[in-house]
Structure formats: C-alpha cells, structure tokens
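Let us take a friendly walk through this structure, a few places at a time. Have the sequence and the 3D view ready as you read.

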Amino acid sequence: MTAHLAVIDMQRVFGDPGSAWATPRFAEIVPRIRVLAEALAPKVTFTRFVAPDEPAGAWSDYYARWPFARMPPDAPLYELVPDFAGPGPTLDATTFSKWGPELASRVGPDVLVLAGVSTDCCVLSTAVGAADAGVPVRVVADACAGVDDRSHAAALHVLGLYSPLVEVVDTTTVLDSLGGP
C-alpha cells in the first residue's frame, strides 16, 4: 500500500491534562503514532487546529463557549507536543476537518492513513471529508483517542459504516501492509 499519514492535532491543548480540551489516552497513542510516522516518512503531515482571527457563523458561539482558545496560531497551547515538533510538514486549519486542497495535494493518489485526536471530532471530520472526495481512508483505531472511551468507540463504529471508503484498522495492520515490523 502506498500511503500518506496525517497526524491529526497532536497539540499541547489536547495533551495537557489540565486543559479544558484534554483528551484522555493522548499519551497512550504517542508511541504508536511515532512508529507510524517513522514507517511512513517522508509521507507524513502533522495538522494543527487553530482559532480563526475572527470567528464567524456558528464558530462565534463555539468560541464564546471556549474563550481560552481564542489565541493566535503561535500560542503555546497550539504547539505540537515535543514528540512531534519538527519531524515533518505541518498544516494548520481553523476547522475540525483537515481535508481540503492542501492535504489533498500532499496525499495525491495515496491511501490516507489517519491517527491522532480526537477520534470523535477532527479525525472523524477529516475521514468523512476525504472519503467524500473519493480518497481511500484508513483510520488507525489504536493510534487515535477520543474525548472519552465511549465516544472513541462510537466514532469508530460510525466510521466503520463508511466501508469500503473508510476502513478502521490497527497499527499492526498498517505496518504489515507496508512490509514493516
């Protein structure tokens, strides 16, 4: 399989247990994502969710609920965690879905492999957007984390309903398909 890995939003704001957006199990998926990134390098893109300069539409209500997140993209809370700072190109988006022309141009004809946070928000949104564009998507269940275990499982269930456009797999399956360890 020729694949491109998109590592979704492995940022301090989701990894810091004291953050209002902390994602339980964030630390547990870091080693699996590191292995995937090494195996798929250089075809890896790291994404970051960042606040827009001026929220519009429903995003205005969203940021009224989460005012702490109205920070510029270079704010420390939006930095990738140290494990992923600097190893590959980064794509910033002010939307949950990271699928768009920029990621599409990086992925090209490859299978899009997704890992990161949160399964039930940005990973799900990115997977559906790419699938709608006709891109084969593999969501690496054990390299994703949700806002809680139940939401993670529910999102994986919903993503499985998109088969064969979206396949829910595990790290070993991805590595085996590459001829890796």
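A residue is called buried when its relative accessible area is under 20%, exposed when it is over 50%, and partly exposed in between, using a 1.4 Å probe and protein chains only. Keep in mind that this is a predicted model, in which local features need pLDDT of at least 70 and side-chain atom pairs count only at pLDDT 80 or more, while totals for chains, interfaces and linings use all residues. Residues are numbered from 1 along each chain as its sequence is written, and side-chain values use heavy atoms, with hydrogens and water left out.

Let us begin with helix α5. Helices (H or I, at least four residues) and strands (E, at least two) are DSSP runs, numbered from the N terminus. Thr119, Cys122, Val123, Thr126, Ala127, Ala130 and Ala131 are the buried residues of α5. As a general rule, an α-helix has 3.6 residues a turn, so residues three or four places apart point the same way. What covers the buried residues of α5? The cover includes the strands β1, β4 (111–117), β5 and β6 (166–169), along with the helices α4 (101–107) and α6. Just after α5, glycine 134 takes a positive phi of about 90°.

Now look at how α5 sits against α6. Two packed helices are described by the angle between their axes and the distance between the axes. Here axes are lines fitted to C-alpha atoms, for helices over the stretch in contact, and angles run from 0 to 180 degrees between N-to-C directions. The axes of α5 (residues 119–132) and α6 (residues 149–160) come within 9 Å and cross at roughly 15°. The two helices are therefore roughly parallel to each other, a label for angles under 35 degrees, with over 145 counting as roughly antiparallel, 65 to 115 as roughly perpendicular and the rest as oblique. In contact, meaning heavy atoms within 4.5 Å, Thr119, Asp120, Leu124 and Ala127 of α5 meet Ser151, His152, Ala155, Leu156, Val158 and Leu159 of α6.

In the loop between β5 (137–145) and α6 you will find glycine 146. Glycine 146 is buried, with a relative accessible area of 4%. Beyond its neighbours within four places in sequence, glycine 146 touches residues including Thr119, Asp120 and His152.

A second pair of helices is α2 (residues 26–40) and α7 (residues 171–178), whose axes come within 11 Å and cross at roughly 15°. That makes α2 roughly parallel to α7. Arg32, Val35, Leu36, Ala39 and Leu40 from α2 meet Thr171, Val174, Leu175 and Leu178 from α7.

Finally, turn to two neighbours near the start of the chain. Is glutamine 11 buried or exposed? Glutamine 11, in the loop between β1 (3–8) and α1 (12–15), is buried, with a relative accessible area of 0%. A polar atom of its side chain lies 2.8 Å from the backbone nitrogen of phenylalanine 49. Arginine 12, found in helix α1, is partly exposed, with a relative accessible area of 35%. Leaving aside neighbours within four places in sequence, arginine 12 is in contact with Pro76, Leu77, Glu79, Leu80, Val81 and Pro82.

Technical notes
Polar contact = N/O pair within 3.5 Å; in protein donor to acceptor, adjacent residues only side chain to side chain.
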